Amino acid sequence: MSTEETDNRAESQTNRKRLEENLVRIEALTTRFLAAISQARQVPQGLAGPGPELYARAATAWWQTAMHDPAKLIEGQIGWWGETLKHYAEMQASLARGELLPAARPEGAAAEGRPDKRFTNPLWDSHPWFHTIKEQYLANAAAIASAVEALELESAEKRRLSYFSRAMVDLMAPTNFLATNPDALERALATEGQSLVDGLENLVADLEANAGDLIVSLADKQAFEVGRNLATSPGEVVYRNRLFELIQYAPSTEEVRKTPLVIFPPWINKFYILDLTERNSFIRWVVAQGYTVFVVSWVNPEPGFKETGLLDYIEEGYLTAMREARAICGTKSVNAIGYCIGGTTLSLALALLKKRGEKLVKAATFFTTMTDFSDQGEMGVFLNDDFVDAIEAEAARTGIMDKFYMARTFSFLRASDLIYRPAIRSYMMGEAPPAFDLLYWNGDGTNLPAKMATEYLRGLCQQDLFATTGLPLGDERLHISDVTVPLCSIACETDHIAAWRACYEGVRQYGAKDKTFILSESGHIAGIVNPPSKKKYGHYTGGPLDGSAEAWKAGADRSDGSWWPLWEAWLRERSGKKVPARTPGDSAHPSLGPAPGTYVLPAPAGQGTGQGVG
C-alpha cells in the first residue's frame with residue numbers, strides 16, 4: 001500500500017470518527033435544546049407586538065386609498081412586478097450564456113443608498129441565484145416601504161407602522177436563513193459542517209443561560225468580571241441603603257477641587273458603563289483631573305420593591321446620596337451628573353430642591369437626557385397604550401418590570417446590530433462572541449420596581465407632564481422650568497434612545513440662565529464613553545440656544561476628538577478652589593467594602609434578582 005493510500009485511509013478514519021462524535025454531540029444538544037425551550041417564559045400577548053388596532057387602521061387606510069386613488073396602488077404594483085420580472089429575466093439570460101455573472105448591476109432600490117453590510121459577500125453580486133434573491137428581497141422591502149408611505153395615517157401611527165413593517169422585513173432578510181446565507185454555507189463547507197454543530201452548541205448555551213429565552217450573547221462572558229477587569233477604579237463603599245451603594249473613589253492627585261462630584265447612572269443599568277477598563281473609564285479620567293468623585297450604584301430590585309416609586313428614588317436615592325457626599329467632604333453643595341434616565345430623574349430632584357428652597361447642587365451635567373418627551377424618537381413606537389398597558393399589567397403581577405423586556409426593546413431598536421448579526425455569527429458561523437467590554441455591560445441590566453416603571457412611562461413618557469403642566473410628586477408639582485442651576489447637557493448625534501433634538505428641546509426649557517449644550521458624534525454609549533486618548537469622535541458646541549435644534553447645529557463649531565476636556569473646563573469653573581485630596585469616607589462613614597461594592601454584582605444563584613437591603 002502506498003503512502004498516499006495510507007494517508008487517505010487515515011484521513012477517512014479521522015473524518016468518520018469526527019462525524020460519529022458530532023452525531024452523538026448533536027443528539028445530546030437536541031435533548032438539551034428541547035429541555036431549555038420548555039422552560040421559556042410565556043410573553044404576554046401585549047408585549048409580543050403592537051396591538052391589532054394599528055393594523056386595523058392600516059388596513060382601513062389601504063382600502064380608502066384603493067377606493068379613492070386606485071391608480072396609486074396599481075402603479076406601485078406594476079413597479080414591483082416590473083422589478084421582479086427584470087431580475088428573473090436577468091438570471092435566466094445569465095444561465096443561458098453559461099455565465100455565473102449577472103448581466104448588469106440593476107437599478108432601483110438595490111443600487112441606492114449606502115452599501116448594505118448584510119450583502120458584502122461577492123456571491124451576492126457574482127452568482128445569479130444569490131444575486132436574484134438579494135435583489136428580489138430589496139425590491140420587496142422597497143415596495144412595502146412605499147406602500148406604507150402611501151397610506152393616509154396620522155403621523156405617529158404611520159411612524160409606528162413604518163417601524164414594525166420594517167422590523168418584519170428585516171427579520172425576513174435572506175442572510176437570516178442558512179439556505180440563503182452564502183457566508184454560512186461557505187463556512188459550513190470549509191469546516192465540513194463543524195461550524196453548524198458549534199453554532200447549535202452556542203444556541204443551546206444561550207437558551208440554557210436565559211432559562212429558555214433566546215437572548216443572543218453579544219460578548220464573551222468568560223472574558224470579563226466586574227471588580228477584576230471591569231469597574232476597577234480604586235475606591236470604597238461609604239454609604240448603603242436599600243436603593244443604592246455610594247462609592248467614593250480614591251484620589252490620584254495631591255489636590256482636588258473643593259466641590260465634590262456625584263454621578264447618577266441610569267437606574268436600568270449598572271454604573272460601570274462609566275468605569276469599564278482603565279483605557280476608557282470616565283470615572284478614572286475625572287479623578288485624574290483632580291476631583292473627588294462619588295458614584296451611585298443602584299440596587300437590582302426584587303419583587304419586594306413593588307411599591308417603590310419615583311419619589312422614593314429621589315428622596316432615598318438622589319437627595320440622600322448628595323447629602324452624604326456633602327457631609328463627607330464638608331461642603332455646602334455638590335456637583336452632579338445624571339446619565340440618560342438617571343439625568344431625567346436628576347432633573348426632577350433639582351426641581352424638587354428648587355421648590356423646597358434647598359441649595360444642595362451647585363451645577364449639574366446631563367448625559368443623553370430627555371426631559372421633553374413631545375418627540376419620543378424611535379422609542380416612541382413602544383410607548384403607546386398597547387405596550388404600556390401590557391407592561392403595567394405584567395409589572396403589577398410580578399412586582400417588577402423585568403430587565404428581559406427592557407433589554408429586548410432596546411435590542412429591537414438596533415436589531416441588525418444587536419440581534420441578527422450576532423445570531424448569524426454565533427449560530428450559523430459557529431463563532432464565539434467577542435471579548436467586548438461595552439457589549440458585556442449591555443447584557444448586564446437591572447429590573448425596575450413596578451410603581452416606578454409605571455410612573456415613568458405614564459407621567460413622563462406618555463403624558464410629558466414635566467415639560468407641560470408639571471409632574472405631581474408628593475406634595476409638589478414639578479416643572480422643567482424649576483431647574484435653575486448652571487447646567488451642561490451632552491447629547492449624541494446618532495442616539496437611537498434619547499434623540500439629540502429632543503435633548504436639545506429639554507435644555508431650552510430649563511429655567512437656568514447658565515446653559516451649555518454639547519453634541520457628541522456617535523450614539524448613546526459610544527458618544528459618551530469617548531476618552532480623549534481614542535481621538536475618535538468629534539463634537540459640536542457654541543451655537544445659540546434660542547432657536548431650533550437644526551439652527552443650533554448650523555451655528556455651532558465642530559471640534560475633533562472627545563468632548564471630555566471641554567466639559568472638564570466648564571466643570572472646573574464651578575468646582576471651587578483646590579484643597580488637599582480626600583481619602584474615601586470619614587469617621588461617620590467607615591468603609592463598607594472596596595469598590596465596586598456588592599449591588600453591582602450578579603445575585604448569587606437562588607437568591608432572586610437583586611441584593612436590596614431593608
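Mentor: Let's talk about the sheet, then the salt bridges, then some backbone details.

Trainee: Before that, what should I know about the model and its numbering?
Mentor: This is a predicted model, where local features need pLDDT of at least 70 and side-chain atom pairs count only at pLDDT 80 or more, while totals for chains, interfaces and linings use all residues. Residues are numbered from 1 along each chain as its sequence is written, and side-chain values use heavy atoms, with hydrogens and water left out.

Trainee: Okay, the sheet. What is the strand order?
Mentor: The order is β1-β2-β5-β4-β6-β7-β12-β13-β14-β15, in an open sheet of ten strands with mixed pairing. Strands here are DSSP runs of E with at least two residues, helices are runs of H or I with at least four, and both are numbered from the N terminus. Two strands pair if DSSP finds at least two bridges between them.

Trainee: Which strands stand at the edges?
Mentor: β1 and β15 do; each has a single partner strand, so one side of each is left without a neighbour in the sheet. From one strand to the next, the twist averages 20°. For angles, axes are lines fitted to C-alpha atoms, for helices over the stretch in contact, and the values run from 0 to 180 degrees between N-to-C directions.

Trainee: In which sense do β4 and β5 pair?
Mentor: They are parallel, with three bridges between β4 (residues 261-264) and β5 (residues 293-298). Ile263 stands opposite Val295 in β5.

Trainee: And which strands does α17 touch?
Mentor: Helix α17 (residues 500-509) packs on the sheet against β12 and β13, and its direction makes about 175° with that of β13. Contact means heavy atoms within 4.5 Å.

Trainee: Switching topic: how many salt bridges are there?
Mentor: The structure holds 32 salt bridges, each a side-chain nitrogen of Lys or Arg within 4 Å of a carboxyl oxygen of Asp or Glu.

Trainee: Which parts of the chain does the Arg41 and Asp402 pair link?
Mentor: Their closest N and O atoms are 3.6 Å apart. The pair links distant parts of the chain, 361 residues apart: Arg41 is in the loop between α1 and α2, and Asp402 is in the loop between β8 and α13. Asp402 counts as buried at 19% relative accessibility, whereas Arg41 is partly exposed at 32%. The cut-offs are under 20% relative accessible area for buried and over 50% for exposed, with partly exposed in between (1.4 Å probe, protein chains only).

Trainee: What about Glu245, buried or exposed?
Mentor: Glu245 is buried, at 0% relative accessibility. Its salt-bridge partner is Arg240, with the closest N and O atoms 2.8 Å apart, and Arg240 is partly exposed at 29%.

Trainee: Why are Arg421 and Asp417 about one helical turn apart?
Mentor: Because they are four residues apart in helix α14 (residues 415-428).

Trainee: Last topic, the backbone. Where is Cys340?
Mentor: Cys340 lies in the loop between β6 and α11. Although Cys340 is not a glycine, it has a positive phi of about 55°, and it is buried at 10% relative accessible area.

Trainee: What about Ala211, what is its phi?
Mentor: Ala211 has a positive phi of about 50° and is not a glycine. Ala211 counts as partly exposed at 40%.

Trainee: And which residues does a cis peptide bond join?
Mentor: Ala595 and Pro596, with omega about 10°. Pro596 is in the segment after β16.
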